[in-house]
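Hi there,

Here is the structure I promised to send over. Have a look at it first, and my notes follow below.

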Amino acid sequence: LFRDFPFFPAYLGRSKAEGKERRAENGKKEGEKHWPKRRVSRMDLQLVQSDLLQVSFVGRNTLQLLPPGKRPTRKVAIGDNDGCVEVFGVKKGEITRVFKQQLGTKGEAISRLALGGKSGKKEQIYAAQGTTIRGVTKKGKEFFKLKTTLSETISSMYVEDNSIWTTGEYVFTKFEDGKDRFFALATDRIREMTVSHFMGLDERGVILSCQDRFLRMVIQDTFHHEKLIPGAAAALTWNQSAGGSTSAASVDEQATRLPGGQELLFGTDNGVIGQMMVNNTAFADGWIVPNVNKAGSITNMGVADLTKDGLNDVVVSHPILFFFFFFFIFNLSLLIAHLFRMCIYVYV
């Protein structure tokens, strides 16, 4: 039954023997027999759910935490499937609504939300709806609108100063001052994008994760180098916070010799979490955390020093309820089939 559902991980519909054969074939084809293994500490934290606000249906990557201001209130921006951008503030557990702005036609879902503005002070909110990009101030006033010539829905977006980087299903595009500057066509479906400045480059470097399990660096409209990882990365984040590295001994020896390298963290659709060191010429392997507990795909991730020990902790999210729901449906279907077979036996 699992084989008929393409959104299920492949291991759910595969026997142990088939799994071993598949892993052996992949290892021979792609040369991925020896992924670097690192000891990564796991924290046992007691997390408590706190319901802040009820909003409409939302998609992935449509929530942003605005930078802190002079006041202790932290503001959060959300874009929903009705085409509304809402900002609310949180102070000592109390919620204050700042504004709720309808963008474009009602019912046109916001596919991506990003913060933009001057480097180091991103207080402007940019929302992608289909192929249109709109900008909203932190007080709710629309100040920017760009109707792109793209033929694909914008799924990833990064904004800095007067430049906007976007990806669709296969095409990466950069806009500057509201005009197309260049684009690049990926060889496989793009899952996620992240942008950073690399030493020795005048132009920002772009990392694309594709469905064929490769990380690819794009500089302007040229693919420079790529790296195979254990799965298609659905989440990417840079470890550039004040806490520093995620582990004092987390970087591979090859990565430490990578001049100007930056620490990129990724989470794949088969639940693997990994580290990669990147510069403008190469990728270098870091640590890998295998999905031993079969927790499902990584939908999002971030870094923060939660334990206040001077090292960043990696926070990831799994769609646990999604699998529980379909496991329940699967078991219910087996029960119905069993009861139906018993009824046939009794009738005969």
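A quick term to begin with: buried means under 20% relative accessible area, exposed means over 50%, and partly exposed is in between (1.4 Å probe, protein chains only). This is a predicted model, so local features need pLDDT of at least 70 and side-chain atom pairs count only at pLDDT 80 or more, while totals for chains, interfaces and linings use all residues. Residues are numbered from 1 along each chain as its sequence is written, and side-chain values use heavy atoms, with hydrogens and water left out.

Cysteines: Cys 84 is buried at a relative accessible area of 10%, and Cys 210 is buried at 0%. The structure has zero disulfides (pairs of cysteine sulfur atoms within 2.5 Å).

Salt bridges: there are 14 in the whole structure, each a side-chain nitrogen of Lys or Arg within 4 Å of a carboxyl oxygen of Asp or Glu. One of them joins Glu 160 to Lys 122 (3.8 Å, N to O). Glu 160 sits in strand E9 and Lys 122 in strand E6, 38 residues apart (strands are DSSP runs of at least two residues, labelled E and numbered from the N terminus). Both of these residues, Glu 160 and Lys 122, are buried.

Another bridge pairs Glu 142 with Arg 134, with the closest N and O atoms 3.6 Å apart. Here Glu 142 is partly exposed, at 33% relative accessible area, whereas Arg 134 is buried at 8%.

Finally, Lys 174, Glu 176, Arg 181 and Glu 203 are linked in a salt-bridge network.

Best wishes

Technical notes
Helices (H or I, at least four residues) and strands (E, at least two) are DSSP runs, numbered from the N terminus.
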